[in-house]
Amino acid sequence: MFRKHYRHHKKLSKSIASNIEYLKEQFGNSSDLSVRNIFLSNHGKAAIIHIQGIVDEQSLHDNVLHPILAWSHEQKPIQNWSREIAQILSVSKVNTIDEWSEIVSGLLSGDTVILIEGHSEAILAGTGKIQSRTITEPSTQTVVKGPKDGFTENLGTNISLIRARIQNNNLRIEQTKVGKVTKTDIGILYMEGIAKEEIIKEVKERICKIDMDSILDTNYVEEALKDNRKTIFPLFQNSERPDVVAANLLEGKITIIIQGTPFALILPAFFIQFFQSPEDYYANYLVSSFLRLIRVGSFYVNMYASAIYLALITHHHGLIPTTLMVTLMAQREQVPFPAIVELLVMELAFEVLREAGIRMPRAIGPAVSIVGALILGQAAVEAGFVSAAIVIIVATTAISSFTLPNPNIVNAARGMRFILIFAAAFIGFYGIILFSLCIILHLCSLKSVGVPYLTPLSPVRVSGLKDSLVRIGTSSK
Amino acid sequence: MPKDKIDGLQLFCLIVLFLFGTAVFLDLGSGARQDAWIVTILSPIAGLIIFAVYYRLYRQHPDLPLTEYVKKILGKYLGSLISYMYIIYFIYIASRVLRDVEELLISSPYAKTSIITLGICMVFALVYAVHLGFEVFARAGIICFAIMTVTLLLILIFYVISDLIHLENLRPVLAKGWKPVFREIFPVNMTVPYGELIIFTMILPLMKRKTKILKTGSMAIAYVGIYLTINIMLLICILGADLLERSAFPALAAVGYIQIGGFIQRLDPLIILLIVFLGFIKVGLFFYCAVIGMNNLFKMKPNVFTSYFMGGIICISSIMIAPSYQSHLDEGLKVVPYFLHIAFQFAIPAALLVLASIQRKWKQGKV
């Protein structure tokens, strides 16, 4: 009966002992819930409660414990303990609250709770400090020349990195908690006046609708925000670089930063963006245009090289110049498998190698590269299992995939590559072209938060084209 | 009406792609021998007049496709019958174009492949396109337009570099007077491709309101006219009038001559690319119009069934319409223009326009 009574009302009682008991019960006597009892003058009693590890111990000691203890010995008549204590705490965030749910969520985000005998309200002091690593160079999207700082797992740090770049009061940050169990902090950032109102509204609505237990990475939010779930193409951009986020915010994009992951979500994203590296803007525009074209080219090489080779070798012998044909056929003579089997085996072998390269411990890296390069490459050719041309094609495909700054678009190209290989094996160039048409149609049908994915290519936006496949230098006015 | 919105640039690209369609590969006006280019430069004028008629019709009912306003003008029963006939006509032309594409592919790169396999593959892609809706199709049109332009430019550059152009093939000009030229223009070159613009009466209601349709359409027709003229002049220069008249697919024959540095040769993939892209857009437009018409006529919501059904019919009839390529061509040159095209492209729209104007005048007089 007693318990039910408490749960029903969810308000604090006046008795400090029952309040502490309730809190302990809520946390299931968790060992990191620390309760410190203090005796105040005039027989007053108080308790200082926090969760170890997520509070700043230094701040707790200097700004909460110390003032209260020093002051508790002063013998003077106190009318309202609660208000007086709230006055003397030297932390910036102090709230007086009488709802259990808010107290619990405060405790969980690192606040210190002060309960006082005879008061049915508690004081919450902001002492939260979540452990995070220091700012380091980002491990993806590296640049040769340009800013070297990257996001950390801490939301506050990340926002400060962006604030440092855009010192403008129009930078809006809206924070909410998402995830029924994890209650993860999510920050929505945008530039007031540059970002489109309807997109901001749309994003906020979709975030409010998220109905998930946990949010541990950007992809959880991504899945919830997607317009079109049945697609392999990335509809949002991920970045762990504050300079990329700042540049995108200034272009009117919206950024979502999530506590616990160094990757920020930038939306809406356009197809063309996945070929742009931050370095494009830090180098001469002619050079960066050239590099961007190389990247776009390698994307298509990555997607099409093996399919085109297969189409040529199985369906369109006539199209290969004669001398080249002789060389290729001489190599293929001793290979016992049909070209498609050969190609698929090598492609899959490379995918396995790539996966192994990511998952294996660093110390055994050289061993894998020796096995991969020597055994799979050289020995397979020498033994006559695969032709050298196939190894060259697969290697070209592999290398070209590493030029792209965003891993998600590479994954899309990988998926498309396998389907294209089957299309080519089935009906040659005709199959490749028809499937490419389907890809074009699919890309045209995609939308990222309501904005067509292929903007500025289709629908055409002339201003956007100046910074699409090539970057046309901006003249200073 | 569906809320798809097409803007001017998309309309331009679609009209250009549609008119290029199979025209780039077929021997347009080759009956006029070395004067074929005069045929291609004059027929757009006819095209402009035809488009103006369709535009007037659209202006009278800016929210409805052809198959719907027919019913308003001619009454429920006769109107439904005419719109049903139009749907059949669209399906028939779609299968004709598909047959052209199939024959082109069979003729050289896919000599050993069965013709129905090529058709089935194409139809699956088309059903996907129709399923995604017309707005997506129009947006993809811009990309296809860009790819087509680049490919055509590349081929043009290769022609020039490999020194294939013999201008003397163009002479003598008008050796047999104007008669063969006009015989080519009417009806064959007027109906294909320009008369086929009739399908845009189904598409114009999807346009954004403020688009200058007449201007965009005229620009597209002029662009196509100029390009086709350049194209046929090139073909005459490269192949000569005799070969042009004899070969089934002059573009394929001309590309075969390209040889640069002993390495750039056999550019057939570029031609296959063009064939598939242009054929896809053209069949796709007919297909899409037939589906819209069908859904409107039988008051169905857009559904997958109609498009699969329609796709199956187009695929099968593309093979059944003619026993061989030669008879397919004969039908296309001697039967279809006179019996079908003149009725569906000129007679019915013109009659509708006149009737609609009279009806409007009459109504105004009554009020």
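Which strands of chain A does α3(A) lie across? In this predicted model, α3(A) lies across β1, β2, β4 and β5 of chain A, and runs at about 25 degrees to β1(A).

## Two chains, two outlines

Chain A has 477 residues, and 36% of them count as buried. Its secondary structure comes to 16 helices and twelve strands. A compact globule of 477 residues would have a radius of gyration near 23 Å, but chain A comes out at 30 Å. Take the contacts in chain A between residues at least 6 apart in sequence: 67% of these join residues at least 24 apart.

Chain B is built from 13 helices and two strands. Its radius of gyration is 21 Å, close to the 21 Å that the globule rule gives for 367 residues, so chain B is as compact as a globular protein of that length. The C-alpha trace of chain B spans about 70 × 45 × 40 Å along its principal axes. Buried residues make up 46% of the 367 residues in chain B. Of the contacts in chain B with a separation of 6 or more, 83% are between residues 24 or more positions apart.

Five strands of chain A form an open sheet in the order β1-β2-β4-β5-β3, with antiparallel pairing. At the edges you'll find β1 (33-40) and β3 (94-97) of chain A, each pairing on one side only. Neighbouring strands here are turned by 20 degrees against each other on average, ignoring direction. Inside the sheet, four bridges join β4(A) to β5(A), and Leu115(A) stands opposite Ala122(A) in β5(A).

The helix itself isn't straight: α3 (residues 57-72) of chain A has a kink of about 35 degrees at Leu65(A), shortly before the proline Pro67(A). Which residues of α3(A) are buried? They are Leu60(A), Asn63(A) and Val64(A). Their cover includes β2 (44-51), β4 (112-116) and β5 (122-125) of chain A.

## Another five-stranded sheet

Chain A also has an open sheet of five strands in the order β6-β7-β9-β10-β8, again with antiparallel pairing. β6 (171-178) and β8 (237-239) of chain A stand at the edges with a single partner strand each, so one side of each has no neighbour in the sheet. On average, neighbouring strands of this sheet are turned by 25 degrees against each other, direction ignored.

Gln237(A) stands opposite Ile266(A) in β10(A). Helix α6 (residues 155-165) of chain A packs on the sheet and touches β6, β7 (184-191), β9 (254-258) and β10 of chain A. The direction of this helix makes about 10 degrees with that of β7(A).

## Where the chains meet

How many residues of chain B are in contact with chain A? There are 29, and they meet 22 residues of chain A. On the chain B side, α5 (115-132), α6 (134-161) and α11 (268-297) each supply at least two residues. The largest share, eight residues, comes from α5(B). Sort the residues on this side of chain B by type and you get 22 nonpolar, three polar and four charged.

Terms used: Residues numbered from 1 in each chain as written. Chains lettered and ligands numbered in written order. Predicted model: local features only at pLDDT ≥ 70, side-chain atom pairs only at ≥ 80, totals over all residues. Bend = angle between axes of the 7 residues up to and from the residue. Buried ≥ 20, exposed ≤ 12 C-beta atoms within 10 Å, placed from the backbone. Contact = placed C-beta atoms within 7 Å. Nonpolar A, V, L, I, M, F, W, Y, C, P; charged D, E, K, R; others polar. Pairing = 2+ DSSP bridges. Axes fitted to C-alpha atoms, helices over the stretch in contact; angles between N-to-C directions. Rg over C-alpha atoms; globule rule 2.2 N^0.38 Å.
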